[in-house]
Amino acid sequence: MAIGRELDERGITTPAEIGAALGMPPAEAAKLLTRHQWCEGEVEQLEAAAARPGLQVLDQ
C-alpha cells in the first residue's frame, strides 16, 4: 500500500507511468501492487520496486 500511496502522491497514476516508475511492464506492476498475498519471489520484487521511487522498505 505504501508504494501505491507514494506513487499517487507523486502524480504517478496511470498503468504506463506506474510500470515505468517501477521498472516493469504496466500489467505486472498493477498485479503486484494490488495483490493481497504474494508468491515466492514477489516480496523481493516489491522491495526492488519500493527502492526505485525512493521509498524506504521497513523490515518487519
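The legends below describe close-up views of a predicted model of one protein chain.

**Notes for every view.** Residues are numbered from 1 along each chain as its sequence is written, and side-chain values use heavy atoms, with hydrogens and water left out. Because the model is predicted, local features need pLDDT of at least 70 and side-chain atom pairs count only at pLDDT 80 or more, whereas totals for chains, interfaces and linings use all residues.

View 1. Helices (H or I, at least four residues) and strands (E, at least two) are DSSP runs, numbered from the N terminus, and read along the sequence they follow the pattern α-α-α-α. The mean pLDDT, the predictor's confidence in each residue on a scale from 0 to 100, is 77 for the chain, and 83% of its residues reach 70 or more. Confidence is highest in helix 2, at a mean of 87, and lowest in helix 4, at 76. Where pLDDT is low, the predicted coordinates should not be read in detail.

**View 2. The largest nonpolar core is made up of 12 residues.** A nonpolar core is a set of buried Ala, Val, Leu, Ile, Met, Phe, Trp, Tyr and Cys residues joined through side-chain atoms within 4.5 Å. Its members here are Ile3, Leu7, Ile12, Ile18, Ala21, Leu22, Met24, Ala29, Leu32, Leu46, Ala49 and Ala50. Leu7, placed in helix 1, is buried with a relative accessible area of 1%, where buried means under 20%, exposed over 50% and partly exposed in between (1.4 Å probe, protein chains only). Leu7 and Ala50 are 43 residues apart in sequence, and their C-alpha atoms are 9.8 Å apart in space. Of the 60 residues in the chain, 28% are buried.

**View 3. Helix 2 packs against helix 3 at an angle of about 85°.** The axes, which are lines fitted to C-alpha atoms over the stretch in contact, with angles running from 0 to 180 degrees between N-to-C directions, lie 8 Å apart. Helix 2 is therefore roughly perpendicular to helix 3, since angles of 65 to 115 degrees count as roughly perpendicular, those under 35 as roughly parallel, those over 145 as roughly antiparallel and the rest as oblique. Pro15, Ala16, Ile18, Gly19 and Leu22 of helix 2 make the contact (heavy atoms within 4.5 Å) with Pro26, Ala29 and Leu33 of helix 3. By class, seven of these residues are nonpolar, one is polar and none is charged; Ala, Val, Leu, Ile, Met, Phe, Trp, Tyr, Cys and Pro count as nonpolar, Asp, Glu, Lys and Arg as charged, and the others, Gly among them, as polar.

**View 4. Helix 3 meets helix 4 with their axes 11 Å apart.** The packing angle is about 105°, so that helix 3 and helix 4 are roughly perpendicular to each other. From helix 3, Glu28, Leu32 and Leu33 meet Glu42, Gln45 and Leu46 of helix 4, and this contact has three nonpolar, one polar and two charged residues. Val43, which also lies in helix 4, counts as partly exposed at 40% relative accessibility, and its C-alpha atom is separated by 9.2 Å from that of Leu32, 11 residues apart along the chain.

**View 5. Thr34 is an exposed residue of helix 3.** The relative accessible area of Thr34 is 57%. Thr34 and Met1 are 33 residues apart along the chain, while their C-alpha atoms are separated by 8.3 Å.
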